[in-house]
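Hi everyone, thanks for making time for this.

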Amino acid sequence: MNPTAVVTGGSRGIGAAVCRLLAQRGYRVIINYNRSPDAARALETELISAGGQAIAVPADVSRTEDVRRLFRTAEKTFGSVDLLVNNAGISKRQVLTDATDRDYEELMSVNFGGVFRCCREVIPYMLKTHSGSIINIASVWGICGASCEALYSASKAAVIGFTKALAKELGPSGIRVNCVAPGLIDTEMNASLTEEELRAFCSECPIERPGTVQEVAAAVLFLADSASSFTTGQVLQVDGGCAI
Ligand code: NAP
């Protein structure tokens, strides 16, 4: 039977590219969305028209009940969950003195809390088959930190620490847990960057350009696939070398 993948934040950007690549490779895909129902449903239609199996499912990953419903729907629809890609994320650029308690709570609750809730929910499904793979989308900023993104960087550093700990906890149960840490990727998340900021950032990277969503999706596929069956607890940087 074809494996089932849940991709959080699958409606746009990196998540949508991951959904497309997984569907092409025969995965049955749960496209999770929060605020973009039209984009998610259009992607569902696109994947099914191309011969794949997919369903768009709403859930705010910062809400426990939504996350429970997401995984119940996944199992009811496709019978199992073999791969979880924790991709949903938000960013906020601000000097720390401008950050409110609400900014802190939102960033942590989506970027790290979402990973925590989805992992907690998926583990019982994966334990049934003593197999599975969890891939968390972190960020190079979680490794080296970004000015004016201290809270975002901290939320992604939490994802990296969590990934390593969970890999140790779940390895004996046949479940692998890894991270992909993208650098600057061309998505709506970076729409507020000026041309000048973009150029300045790229000039500091050995590969002097932003990455594409397809390049991140390819790394996710590698960590999902049996090609990486002896790899767990790792952080795969897809960043053009910017954090060497
Ligand atoms: P994006 O284009 O802004 O898309 C964000 C996605 O996350 C959307 O599908 C959105 O869904 C979803 N999302 C946001 N809040 C959610 C919530 N509470 N519950 C469920 N889904 C939610 O961003 P992106 O660039 O593709 O980023 C994807 C991931 O890569 C994020 O974790 C981000 O931190 C990470 N990343 C991005 C970059 C970059 O340069 N782009 C670099 C490093 C890491 P809706 O629209 O349906 O709400």
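Let me begin with the lining of the second largest cavity, which by class has five nonpolar residues, four polar ones and no charged residues. Please keep in mind throughout that this is a predicted model.

Which residues are we talking about when we say they line the second largest cavity? They are Thr8, Val61, Asn86, Asn87, Ala88, Val110, Gly114, Val115 and Cys118. If you are looking for a landmark, go to helix H4, residues 101-127, which gives the most to this lining, with four residues. The volume of this second largest cavity is about 40 Å³.

How do we find such spaces at all? Rolling a probe the size of a water molecule over the atoms shows where empty space is left. In this structure, there are two cavities of 30 Å³ or more.

So much for one of them; here is the other. The largest cavity has a volume of about 40 Å³. Around it you will find Lys92, Gln94, Val95, Leu96 and Ala99, together with Cys148, Glu149, Ala150 and Leu151. Sorted by class, the residues lining the largest cavity come out as six nonpolar, one polar and two charged.

Now for the rings. A pair of aromatic rings is described by the distance of the centres and the angle of the planes. How many aromatic pairs does the structure hold? It holds two.

One of them is formed by Phe112 and Phe162, and this pair is edge-to-face, with 5.5 Å centre to centre and 80° between the planes. Phe112 sits in helix H4 and Phe162 in helix H6, residues 150-170, so the pair ties together parts that are 50 residues apart in sequence.

Trp141 and Phe201 make up another edge-to-face pair, at 5.6 Å centre to centre and with 80° between the planes. Here Trp141 belongs to helix H5, residues 141-144, and Phe201 to helix H7, residues 195-203, so this pair ties together parts that are 60 residues apart in sequence. Phe201 has a relative accessibility of 17% and therefore counts as buried.

That's my tour, and I'm happy to go back to any of these spots on the screen.

Note on methods: Residues numbered from 1 in each chain as written. Predicted model: local features only at pLDDT ≥ 70, side-chain atom pairs only at ≥ 80, totals over all residues. Heavy atoms only, no water. 1 Å grid on protein atoms, 1.4 Å probe; cavity = no way out; pocket = protein on both sides within 12 Å on 5 of 7 lines; lining within 4 Å. Points joined across faces, edges and corners; volume = space filled by probe spheres on them. Nonpolar A, V, L, I, M, F, W, Y, C, P; charged D, E, K, R; others polar. Helix = DSSP H or I, 4+ residues; strand = E, 2+ residues; numbered from the N terminus. Phe/Tyr/Trp six-rings, centres within 6.5 Å; stacked < 30°, edge-to-face > 60°. Buried < 20%, exposed > 50% of the residue type's maximum accessible area, 1.4 Å probe, protein only.
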